[in-house]
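Dear colleague,

I am passing on a structure to you with this email, and below it you will find what came out of looking through it. Please keep the sequence and the 3D view open while you read.

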Amino acid sequence: MVEYASGTPGDNTPYSDEVDEIQASERREMTYATRELLVDRINRLVAALERLNDGDYGTCVECGERIAPARLRVMPEVATCVRCQDRIERLGRQLEPVGAGVDADDE
Ligand SMILES: [Zn+2]
């Protein structure tokens, strides 16, 4: 008589579909909310590419000074330097949403 070791406890741990569903719907809402921002950003990126072709890329469209490389790295589509962006926002004329959470404060 041969005795087999009884099988190891199953791997069929219960999986919560509910949590997965909630996360999926959250993702959907995020996608929807950010879509407009993305379209907006694409438009600015296209404009940035045009400036790149013109040789104006990396130069502030407001004051003509060079935009900090760190700022360009984070937001390649920006058309203004930090100072002008700040001034524009103070005037209430928003050119771009700020929310990248980055302070490009290198001189
Ligand atoms: Zn500027």
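Does arginine 51 count as buried or as partly exposed, and why? Please bear in mind, as you look for this residue, that the model is a predicted one. Arginine 51 is found in helix α1, and it counts as partly exposed because 16 C-beta neighbours lie inside 10 Å of it, whereas a buried residue would need 20 or more. Leaving aside residues up to four places away in sequence, arginine 51 touches Asp56 and Tyr57. Alanine 79 is 28 residues away from arginine 51 in sequence, and their C-alpha atoms are 9.0 Å apart in space.

Turning to the protein as a whole, you will find three helices and zero strands, in the order α-α-α from the N terminus on. The protein has 107 residues, of which 8% count as buried. If you take the contacts between residues at least 6 apart in sequence, 40% of them join residues at least 24 apart.

As for confidence, the mean pLDDT of the protein is 79, with 71% of its residues reaching 70 or more. Among the elements, helix α2, which covers residues 69-74, has the highest mean pLDDT at 93, while helix α1, covering residues 17-54, has the lowest at 84.

With best wishes

Notes
Residues numbered from 1 in each chain as written. Predicted model: local features only at pLDDT ≥ 70, side-chain atom pairs only at ≥ 80, totals over all residues. Helix = DSSP H or I, 4+ residues; strand = E, 2+ residues; numbered from the N terminus. Buried ≥ 20, exposed ≤ 12 C-beta atoms within 10 Å, placed from the backbone. Contact = placed C-beta atoms within 7 Å. pLDDT = per-residue confidence, 0-100.
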